[in-house]
Each structure stands twice: as structure tokens, then as C-alpha cells.
Amino acid sequence: MKIEGEHTFNGPRNEVWEMIRDPEILASALPGTQKLNKLSDTDYEGTMNVRVGPVSGSFSGKLVVSDEVPPQSCTLTVDGKGAPGFVRGVGHIKFEEQETNTTYMTYEGEVTIGGTLASVGQRMIDSVAKSMIRQGFESMDKALEARLANKSGQQVEYKPPTETEFAASVAKDVAKSWYQIAEVRMVMYVIPAAILLALIGYILSQLLHR
Amino acid sequence: MSGEYKINVKVNGKNYERMVEPRLLLSDFIRHEIGLTGTHVGCEHGVCGTCTVLFDGLPSRSCLIFAVQAHRHEVVTVEGLGSIEQLHPLQKAFQEKHALQCGYCTPGFLMTLVPFVEKHSHPSDEEIREAIGGNLCRCTGYENIVEAVKLASAMMHTSKE
Amino acid sequence: MDTRYIGKPIKRLEDPRLLTGQALFTDDVHLDGLLHAAFLRSDYAHARIKSIDVSEALKRPGVIAVYTAEDFGDYWHVGPLQVPPPIAIPNAKFHAKGLPPIARGKVRFSGEPLAVVVAESRYIAEDAAGDILVDVEPLDAVVDLEKAFEDTSVLIHEDIGTNMAALVKQEKGSYAEAAAKADFIIKRKFHIDRGSAGAMENRALIASWENRTQSMTIWTNNQAPIPLRNTIASNLGLSDSQVHVITAFTGGGFGPKIMTSQADDVLLPWISKKLNRPVKWIEDRRENFLATTSERDQVHYCELALTRDGKILGFSDVFYHNTGAYDPYGMTVPLNTMTHTMGSYIVPNFYTEVRMVFTNKMVVSPVRGAGRMYGNYVMERMLDAAARELKLDVVEIRRKNLIQPEMLPLHTGITGQDFVENVIDSGNYPETLRKALEMIGYEKFVKEDQPKLRAQGKKVGIGIVTFVEGTGVGPYEGAKVTIEGSGKINVATGISSQGQGHYTSFAQIVAEQLGVEPKDVRITTGDTDQFDWGAGTFASRGMTVAGTAIYLASVNVRKKILKTASKALNAPEEELEISGGEVRVADIPTKSIKLGDLANRANPTRGVIEPGVEPGLEATAYYGPPYGATGQGSVAIILEVDPETFEVKIQRFVLVHDAGNIMNPMIVEGQIMGGVQMGLGNAFYEEIAYDEYGQLQNASLMDYLIPSATEMPPKIELGHVVSPSPLNPLGLKGVGEAGAIPIPSCFHQAIENALENKIEITASPMNPSRLFELTHK
């Protein structure tokens, strides 16, 4: 699956770069993540236990940052796998400083999704990925806002969304696009699959936001 | 696992008390715990309709219900419909119209249709196709099933009238 | 023919049990101490296995054992080819790659088994499968049929140095010469993609080793129980007689259930023997999509050489056939394509070449229609293209080229799946076409109805095609017919049943001969302790081949009855009649003897039987045809396309079929109607979709759309033409696949016609979005 997109961060490029290279912030902006372990300056690993409905299993992911040109661009390689399947992907991210003191980010990459995720969750991958990306950006925006405010002496608390809030929001987004699909025969089937896909979204957003 | 719970389910008029895990599917409970293997499973995700039983009188997919949810409820399976010696009119009509081939999906069709034929005395083809639209059959192409439903409705309602 | 039961729509004897939930399917078998198996399957389509760590799985309470390829030691072996290489065809190239029962070293399709967990319950087994850690090195996946041949392509089987599984060329006459003489040459490329057999019951197997009797019992829903028994025995070093395969009631077969040497039938018997406990595996639907063989994935490059007035001079078809990651079922599917491409038409010069390709997808083996559908599709679509080009009516171009009855039997010059030259034995092709046109009212529709409806803005169209169905191929089947001392009649044959009504139609044959009612005849199919010679249920051969064997055995038993009764009643055989379960002297009704008494006389407990006489009233017979019997037919469809949603509604559906003499018309019609559903699925709804990485995209019935009652035509109008086959005494031909074969070609022609030939469809399946794309190009 090819992915590409853009996002404008409301802050200077250096701040954005610093933020996305901070695993603490990233992990907190990606609900459901257990702490992201930094193995080296460029390698990270994270684990997640999933047990929802018929789907259960531990999902572990590795993330490598390469071709870094701070604060302009980097390449991310993600390799996650677990009982529900696997996600592998490579993404290239670029940051451009805008005159308005904002940062324009573009990303493009290719993701392979396999196993149960692909074979039974296919129809929702797109919408879930989009939803995860949207939400991920929203929380990053808030984190950035808090970060900038704190630097200027104000006390603004950044509260990342909880896993439940996040999943609920994804389910809502997915359901919206679902009603437009004519062949829907059995809505109950959506729920476990949606949750499954939240998982992909998690990996995707990890990939996309860093 | 997360322990076992005692449940009491009435199946075909008989009470069954069993200790089950909360995740046990009703379809597995019916088939493997109490041994009523007439209910079949075709897809395990609620699409094919093969595992349909009557749950408190309504056609329901037993692969989408946990056995614990059936505690103190009433289930009717194909075994509760008619016997070889005395077939239910719907069963009779299915044989008469060659509405089954491998017979695997048939119990699901029958249980889906029981309330339908009770309600409709002269259903149209469209109404019947709509009623069985959630049941998949790979052998018959459905036409003979539609014919069987018409025959069954006629048989059931003439005998009442 | 004056008959009591043959040709009659006898109600099925097996129905009451099936209708009341009293029929035993494999998963209904429960045994003491039963264990349950679950497979861990590869998420990757192509990868090198680095390690598989099962330690966590083994710790889970209730898990008895976990095995990977290494644990099977020397028992692990690549399975034999189930169908031999096409040695009968000169210069055929074939690379044999049998199925590994469980992946070792490498995985070659997503869904290939990596480990098997055995536990006290299926729930626990699946949990434990999720505990297994697999480390692999992913490799690029080969998914594109044509790119797989390129030098730069990754290799699936490195040892053969190519992704080419086979290359077979056959030619009748010379296409090049025909092309040189032709007024027109039409060229097209077609792609027909995969569909699932989609039997409602998934695959299933129970292996139960009994140490005390040193015997293995297998319950399964396999279509080839005897070959299955033989391979299981040979795998385990047992005598065939130590293995008993029982095929219970089976919830549909449609092809893939013929496969043996897969993970379940290779590993479970070994595990059961090792653990000395019965082990059950029931495939789930996702596994069925991922790891049960499927069919229909070919790319064709066709050329049709014609005269100005539409006479076929020659046809050339070079096609790629996807065999998936392995080719255990040989070349049955592409060979069927080759023998069915000329179809109902006179093709003086024909060139056919198949390039069979290994890809990182599930293995292809026959599914209802088995290769015939593509042959039919390309020929019929080429005729449509030619009709367009030459401004001929689609019916006219077909009529001009139809094989005429007086040309039969016709040697086609092309070798088929049975490794003998395909010969069309009998038929009346112009008649099936005429009848189909008449039934649908072709002239009236085209001249009156369609113009009127078009004027109202309705996109209505008509399609008409013909088809052939090679059926009832060899090698042989056999049957044993016995009259027991109780008077009961027992029949056993080696093929197994998947819902075809054998318990009734076979009984009709026997009842006719032995003067009893069908209900008095007990039929056993697919139980190797009852009968253990035979090949299996495939290629629409149950009735034609096994049915004929049953007939021949019945005839022999009848002879024995008459001979024995002649002595018992002291009357010449010519004066005897058999009916109502007894033998009577025609003129003296009181002089009679019951069949059971006669059977006891023929099986005395004391005294002597004459030298050279076999005891009992029993006979075994075998039947093997010299070549298959060819069924034929014509299909006509009227449909309407919604110009906005591109949904297609069938308004009329007519199929005229010639299956020779018919045993039970009710069952035959049922077979056709079921086939139509699958054909329609393949034309417009069903597609096993893989992405460019070899990942299956729609492994559920939620995403894979089997037509439901609301998608099917309101009525399937059937017509019959009867040209008895000269190949067997009852004049039978098979019919199991007829309904499926011609649907995509006819359906697509009708859609084009509805859209006033503004689009041309060259791929199957279509669907509303593809139609939209075609019309908005």
C-alpha cells in the first residue's frame, strides 16, 4: 500500500524535529503504546499486548531512523509483527520551514500489511489508517502547543488521549465510511476487525509521525 | 482462562446445565457440549447463516453468541423441528422440491425460515429471497429453496385454515 | 426406454436425515480422548524461515504438543504428485513440485503451515498457535504471471532455476497456414482471475490410531478416499488394510477436497500414532481461503483467423496458467482449458500453448468447471469480437461454425486431462442452440422488445453462447452389489459423495435391475473398508463412471439371481421375472422365491456348492471409458444494467443442456442450477484477491461474495436435449460442471449488448466498479 500526505505543524521546524525525535512524546501521542524503548539514537522498539474479542496476541515493532538530515528529513523503516500479522514499511519524511513560523511536513512511503490484518481487515485498512493519521496529528499538534507554551513560561498540560478514547474515535471514523459500503452484510463483524486495524494504525502513525 | 461459569440453557425444550468458559460460542456449546450436531458452522463470522438457531423464538446466528449469553434463554435447533418419522412441513417441502443437496447449510435455512413460514401464508418470490438473503448455499442456486418455502407456507396455512 | 426408476425424479432418500440434523459430518464425530489440532500459518507469501520458537506455546495449560517441520524428522517429505506429469504429450516440459506438508526452510505462499499445535480443545490450540514466535527473512513475492518469467524475477524454487512450472504445446493442423489464408485476424488478451470453491463445509479430518489393533481410522470429507488411504498407509509404512478411511456426509466438494498430501492428512495420522490419541482438525473459513486450493487464474493471448463471411480458419491461444506455489495436481486444469477452447465449433487449425507458472499464491487445483471455463470464455469472447468486426449477428457467427451431429464422433487432436485424445462422442449442437434461442425468444427480443426498452432508456441486453463439458473421464471406478440373506441390498463404491444425491440415483440403477424399490438399496460411498478400488469424485464422473460400474455389477447379480432361481424354481431363466423383492415364474405367480432366500441358497452353511461357482448373490464390476463423454449446451441471458450503479439484474436465464440419458432429472437440474450460481459468482461477484505482495485481501465470506438468493436470476429455465453417449450402456454423460462453465462468457456478452457494444469486456470477474471504469475510459 502506498501512503502519502502532508501536515502543517504550528511551530518552528527545530521544535517539530525535536519533538518527533523524542520517544517519550511520541509514545504518549500514540495511545495504546507501551513505552517505546530507545535502543540507540536511531533504533527503537516497542511492544503491545492486544486482547480484544477474538483477536489476541502480542505485537512488537522495531523502528529505525536513517538518512537523517536534521531538521529537514529522515527515512523511517518499521517492522512490526505479532499473532495478528505483520506490518513492514518504509517512509520518507520532509520538513519545510514556512514563513509563518509553521512547519510543512510531507511524507510518502510504502507499507506491506500481512497475515490476519490483511486477509480479513482489508476493507477497513484505508479508513482506519486515515483516521489514525488524523488523530495522531491532532495529538501531536496539542503536544507541540504545550511544548511551545512551556518554553515561553506558560504552564500548559499536555494530556494524551487514552487508548479507549483513541479506539472509540477510530471506530467512529470507520463506521462513517462503513455505511457507504453496499456489501456490508454483518456489522458485528466490523468491531473486532476495526480493533485489529487500530493496531495497524498504531504502527502506521508511528511510522508517519516521526 | 478466566474461569468457568455455570449456565442453564433450554434447548429443544430440555434444560442443560453446564460449566463453560465465557468465551465458548453458543454454536460450539450446542454442537460439542450437548452433542446436537445438526447445527452446522460455515464461516464462524456471522455471514453464511449456516449456524442459525431460534433464540427465544428468533432466528439467530449461534456463532456470534456466547454460550453464557444463552443462560436462562431458550434455543431451538433443527433437531427440535421434526423427526425423520414426522417431518415438519418445511422439511417435507425441502425434500419435495429438492431444496437441498449436500445438506450442510440446510439446518440454517430451516431455522431462518420457521418464523417466516409461520407468518406468511402466500409469500412472494421477492419476500422469500429477501428472507433467505442472509443464508448462503453453494449447491442449489436457491431456486428450489424458494419453491420449497412456497410449498411449506401453503401446507402450513391450509392445514390451519 | 420403459423403466421403473431410471430417468425418474425420485425424491432423495438421504434427505430426511439431512433435514433433521441426523446426518453425520466429519466434525460431528466425537471420540474419547479426542485432541484438537490448529495450524500456525505463514503471514508471509515468500520468506526464508530463520527460527520458530514454540516454547511459550508449550507452556500453555492444555497444550499436548507443538510440532514444526524439524520435529517430524525423516517423516517430513514432499508429497507425491497426485496427477502425473503430462507424459502423453510430446515434448511437454514439466517441473514437479509436490506439496511439503509443513514448511521447512522456506514459505512460498501466505497460509502455508509452519507449526501444528495439539491441545485438549481447539480454543487452547489456537491460543497456543498465537504464542509461537516466527522469525523470517521476507523475500520479494512473485505474483504476476507474466513477470514471473522475466530473468530478473525472484525464484520460488531455486533448484529449478526458473518459475516456469510447465510448457506444453499442442497443435492440430497449422494455425500459421490458416492465418496466412485468413481475411481477418482478431487478437485479444484475456484475464480470468481466481475464485474459491466455497463449499459451505470446510475441510476436516480426524485421525485415530488404535494401538491394540494396530489400525488407523480416518474420518474426513475427502473426494478421493482411496488414494488418500493409500498415501496415508504408505507414509506411515503401514499396509493399506491397516488404514480405514471413512468419508462421512460432506458439505459440498466442488474440487479442492480431492487434494491429499496436505498438512492434515500427512501430519495428523503421524501425530495420532505418536500420541496414541485421536486428533481432529476442522478448517476454519479463513484457513479455507488461505490454504485450500482454488482455481482460475490465467492470462490468454488469442488469435482468431476467419474468412470474410465468418468461418473459422484457425485459432491460436497462448496462455499463462498460475499453478500457485506448487503443482501437486499436475496439469489437469490447463489441459482441460486446451481441450475446451474449440468448444462446440469446427476449428480446422488450432494451436494451444500453456506456460504454467509458479507464483507465491495458493496452489491451483480443479474447482467446478476446472479449466473448461477459460477455454469457453476465450473462444466465445473471440467470436463476439469477430461478430463485431465482421458486423455479424452473434448467433449467426456461431451457427456458421457449429459442429454438426453427423461429424460425431469427432477426434479433436488435442490431448486432455485424462492423457488421451479428446474425442467428442455424441451430441446435437445446432439443436441446443435452436432450443435456447426459441426458449428465450431471441428474434422477438432483438427485433421488438429491446428497441422499445432502449427507447425508454433501459440498458437491456441479451447474450447467447454454447459450451461443451468433457465429463466422466477414466481411469475407472468399481462397485460391489450384494443381496444379503435378509433380502437387503447393499452397494459399495469407491467414490465419495458431496451432495450429488448418489444415495438415491445409484439406488435407482440397482432397483431397476433387481426388481426392488430404491429405498431398499443401501448405498455406501467412500468407505475404504467397503470398497477400495477407485480414483475419486471429480470431472463430473460419479454417475457416468461409478454409476456404470454399479449398473454392470447389478446386471451380473441379476444374472446370478436368474441362474440360482432357475434351479430353485425349476423353471427356465427366460420364464422368470424379478419384482417386488422376489423372483417369480411369469405364468405361475405362486411359484416364487424371495431374493433373501435365494441369497441364502447361494450361500449355504453346510453342503457343497458347485465347483467354479462363487457363493452368494454378489458381483463386483469395474468400468473405465476409453475417453470421456462430452456434454454440451447453450445458454441465453437477458439482463439489465443500471447505468448509474452498474448493478446487473438478470431478467431471463435459459440453459439448454444435453447430458445424454438422465438418471434422475430432478437431481440433474439441481446440479445445473448450483453450477449456474458458481458461474455467476465467477462472472460478477467472486474473486480471490491477492495484493502485489502475495497477501490475500479477502479471506472471509464478508469480503468474498458468494451470490445469495437476491443476486440469482428469478428463474433458471432449463431445456434438455438428449443424445445418449455411445460410450456406456446407460448412455450417460456427466453434468456437475455444466452450469458453471458458460456463465462468464454469456453474462459478459449480454452486458456488452446491454451497453450497445460501447465497451468490450476481456477480464473476468467483472463487477460494478470495473464496469464503471470501462464505461468511463
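## Domains, interfaces and a helix pair in a predicted model

Chain B is divided into two domains, with domain 1 covering residues 5-80 and domain 2 covering residues 89-158. The model is a predicted one, and what follows describes its computed geometry. In chain B the C-alpha centres of domain 1 and domain 2 lie 22 Å apart, and the contact between them takes 14 residues from domain 1 of chain B and 12 residues from domain 2 of chain B. On the side of domain 1 of chain B that touches domain 2 of chain B, strand 3 (residues 52-55) of chain B gives the most, with three residues. By class, that side of domain 1 of chain B divides into six nonpolar and eight polar residues, with no charged ones.

Taken as a whole, chain B holds five helices and five strands, and along the sequence these follow the pattern β-β-α-β-β-β-α-α-α-α. The C-alpha atoms of chain B fill a box of roughly 50 × 30 × 25 Å when taken along the principal axes. Its overall extent can be set against a simple expectation: for 161 residues a compact globule would have a radius of gyration near 15 Å, and the 16 Å of chain B agrees with this.

The contact between the two takes 46 residues from chain B and 44 residues from chain C. On the side of chain B that touches chain C, the elements giving two or more residues are helix 2 (89-96), helix 3 (106-119), helix 4 (125-131) and helix 5 (143-160) of chain B, and the largest share, four residues, comes from helix 2 of chain B. The residues on this side of chain B divide into 18 nonpolar, 19 polar and nine charged.

Chain C also meets chain A, where 18 residues of chain C are in contact with 19 residues of chain A. Here the largest share of the side of chain C that touches chain A comes from helix 7 (residues 285-291) of chain C, which gives three residues, and the residues on that side of chain C divide into nine nonpolar, six polar and three charged.

Within chain C there is again a division into two domains, each made of two segments: domain 1 takes in 15-21 + 474-623, and domain 2 takes in 426-472 + 630-777. The C-alpha centres of domain 1 of chain C and domain 2 of chain C lie 40 Å apart, and the contact takes 15 residues from domain 1 of chain C and 15 residues from domain 2 of chain C. On the side of domain 1 of chain C that touches domain 2 of chain C, helix 13 (502-514) and helix 14 (542-569) of chain C are the elements that give two or more residues, with helix 14 of chain C giving the most, six residues. That side of domain 1 of chain C has six nonpolar, eight polar and one charged residues.

From helix 9 of chain C, Met373(C), Asn376(C), Tyr377(C), Glu380(C), Arg381(C) and Asp384(C) meet Pro744(C), Ser745(C), His748(C) and Gln749(C) in helix 17 of chain C. By class, this contact has three nonpolar, four polar and three charged residues.

Note on methods. Residues numbered from 1 in each chain as written. Chains lettered and ligands numbered in written order. Predicted model: local features only at pLDDT ≥ 70, side-chain atom pairs only at ≥ 80, totals over all residues. Domains from an automatic or database assignment. Contact = placed C-beta atoms within 7 Å. Nonpolar A, V, L, I, M, F, W, Y, C, P; charged D, E, K, R; others polar. Rg over C-alpha atoms; globule rule 2.2 N^0.38 Å.
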